[in-house]
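Subject: Structure handover

Hello,

Here is the structure we talked about. Please open it alongside this note. My findings follow below it.

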Amino acid sequence: MTTVAAYAASSPKAPLERTTIERRPVGEFDVLIDIKFAGICHSDIHQVHEGWGEATFPMVPGHEIAGVVSEVGPGVTRHAVGDRVGVGCMVDSCRVCDNCRAGLEQYCSDGPVYTYNGVGKDGATTYGGYSEKIVVDENYVVRVPDGLSLDVAAPLLCAGITSYSPLKHWNAGPGKKVAVVGMGGLGHMGVKIAHALGAEVTVLSQSLRKKDDGLRLGADHYYATGDPATFTELAGTFDLILSTVSAPLPLDTYLSLLKTDGAFVNVGAPEEPVSLNLFSVIGGRKTLAGSGIGGIRETQEMLDFCAEPGFGAEIELIAASEINDAYERVQSSDVRYRFVIDTATI
Ligand code: NAP
Ligand code: ZN
Ligand code: ZN
């Protein structure tokens with residue numbers, strides 16, 4: 001076992017504080033990663049607050065991990081010491097179910113082993129990226145391409161793949177009108193990726209505060225959802241709406257913005273249920289769907305896709321001592337557009 005420094009919440013809603021945790025010895029197929037940067041995802045906050053249900057404490061959040069391999073087990077073939085690598089929301093899965101075999105490990109029928117607040121195959125609680133080092137099976141580690149620096153690559157491991165996977169699955173591209181709801185961590189990556197895929201992109205944000213940024217990142221149009229005129233003007237407009245909102249939305253209102261056969265795809269994971277009038281999908285043969293992160297192969301594909309034009313996330317780099325302030329700011333939609341922890345400060 002190796003003792004490493006980390007930031008943890010000791011109980012639900014407790015502020016995160018410096019502590020130490022144990023990392024397992026490097027096994028035959030494991031890599032030891034010196035974590036350089038860890039993004040703060042809104043999911044970290046939902047879980048620290050037990051907003052999604054009972055959680056395990058102490059909790060070391062963090063599933064947007066970028067770092068450098070410092071040791072490999074004897075059976076490792078995919079990564080070598082010195083490689084720049086990333087780890088996202090999963091660190092293992094059953095590997096034999098239909099979903100795992102199809103590269104959809106995030107939908108593993110046994111449930112994947114989540115990077116933190118999960119239970120590893122060794123029965124131990126998993127601890128995430130707000131820490132100095134992590135040991136992960138090589139199959140759940142991806143390569144960060146040369147075109148991306150590690151700080152802006154870190155958020156791609158969750159925010160990037162969670163936007164990329166549904167945009168690809170629902171064929172965002174030339175000739176398609178795509179709306180991204182919420183200009184936060186996921187949303188701003190949704191804008192960049194949908195634009196890079198060739199779609200006509202509209203941001204639907206609560207206000208116009210972040211309009212200049214939205215247009216700079218690739219949006220063609222930017223509307224405030226706080227203005228009721230937005231919903232009359234844009235009725236029946238979109239082929240695809242990607243909602244990244246962390247709070248419940250009035251779904252019927254948003255579904256009215258779709259064209260016939262359009263799809264509203266939800267990746268936001270609010271803590272409360274939402275209601276739906278089913279006539280909102282009957283008229284216009286509309287699809288209401290969800291999507292969870294992405295598989296390991298697709299995560300690598302997304303990193304390569306972003307590295308080609310060379311875009312990562314827009315980040316605000318912080319010291320570990322600023323994590324609790326960052327949580328407050330994320331909760332008040334005051335994030336531009338991902339907080340990333342410099343783990344050298346832990
Ligand atoms: P974030 O950075 O806080 O962004 C969420 C954005 O939603 C905010 O910036 C804000 O955008 C908008 N918003 C917040 N509260 C709102 C409200 N009451 N009404 C309308 N809009 C509101 O969060 P994130 O890290 O991108 O994560 C977003 C959600 O996705 C979270 O629930 C997270 O847990 C979930 N998530 C899901 C997956 C998955 O696999 N499905 C993966 C990662 C994260 P504006 O200021 O532009 O309005
Ligand atoms: Zn996340
Ligand atoms: Zn499986």
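Start with ligand 1. Helix α1 gives the largest share of the shell around ligand 1, with three residues. Keep in mind that this is a predicted model.

**Ligand 1**

The shell counts 29 residues, and those coming nearest to ligand 1 are His42, Met183, Ser205, Lys210 and Arg338. By class, 12 residues of the shell are nonpolar, 15 are polar and two are charged. Two domains contribute: domain 1 (2-157 + 312-345) and domain 2 (160-290) each supply at least three residues to the shell.

Three polar contacts are worth a look. Arg338 uses a polar side-chain atom, 2.6 Å from an oxygen atom of ligand 1. Gly185 places a backbone N or O atom 2.8 Å from an oxygen atom of the ligand. For Ser291, a backbone N or O atom sits 2.9 Å from a nitrogen atom of ligand 1. On its own, ligand 1 exposes 920 Å², and the protein buries 89% of that. The elements giving two or more residues to the shell are α1 (42-48) and α5 (185-196).

**Zinc ion, ligand 3**

Which residues hold this ion? The protein donors of the zinc ion (ligand 3) are the SG atoms of Cys94, Cys97, Cys100 and Cys108. They lie 2.3 to 2.4 Å from the ion. The site is tetrahedral, with angles of 103 to 120° among the four donor atoms. Along the chain, the donors of ligand 3 are spaced C-x2-C-x2-C-x7-C. Cys94 is in the loop between β6 (90-92) and α2 (98-101), and Cys108 is in the loop between α2 and β7 (113-114), so this pair ties together parts 14 residues apart in sequence.

**Zinc ion, ligand 2**

This zinc ion is coordinated by Cys41 (SG), His63 (NE2) and Cys158 (SG). The distances are 2.0 to 2.2 Å. The spacing of the donors of ligand 2 reads C-x21-H-x94-C. Cys41 falls in the loop between β3 (30-39) and α1, while His63 falls in the loop between α1 and β4, so the pair ties together parts that are 22 residues apart in sequence.

**Backbone points to check**

Where are the cis peptide bonds? One runs from Phe57 to Pro58, with omega near 0°. Pro58 is in the loop between α1 and β4 (65-72). Another cis bond runs from Arg336 to Tyr337, with omega near -10°. Tyr337 belongs to the loop between α11 (323-331) and β17 (338-342).

One phi value also deserves a glance. Asp261 has phi near 70°, which is positive in a residue other than glycine. Asp261 is in strand β14 (residues 258-266).

**To recap**

Ligand 1 has 89% of its exposed area buried by the protein. The zinc ion (ligand 3) has a tetrahedral site. The zinc ion (ligand 2) has Cys41, His63 and Cys158 as its donors.

Best wishes

How values were computed
Residues numbered from 1 in each chain as written. Chains lettered and ligands numbered in written order. Predicted model: local features only at pLDDT ≥ 70, side-chain atom pairs only at ≥ 80, totals over all residues. Heavy atoms only, no water. Near = heavy atom within 4 Å. Polar contact = N/O pair within 3.5 Å; in protein donor to acceptor, adjacent residues only side chain to side chain. Areas by Shrake-Rupley, 256 points an atom, 1.4 Å probe, with all protein chains shown as cover. Helix = DSSP H or I, 4+ residues; strand = E, 2+ residues; numbered from the N terminus. Nonpolar A, V, L, I, M, F, W, Y, C, P; charged D, E, K, R; others polar. Domains from an automatic or database assignment. Donors = N, O, S within 2.8 Å, 3.2 Å for Na, K, Ca; no water. Tetrahedral: all angles 85-135°; square planar, octahedral: opposite > 155°, others 65-115°.
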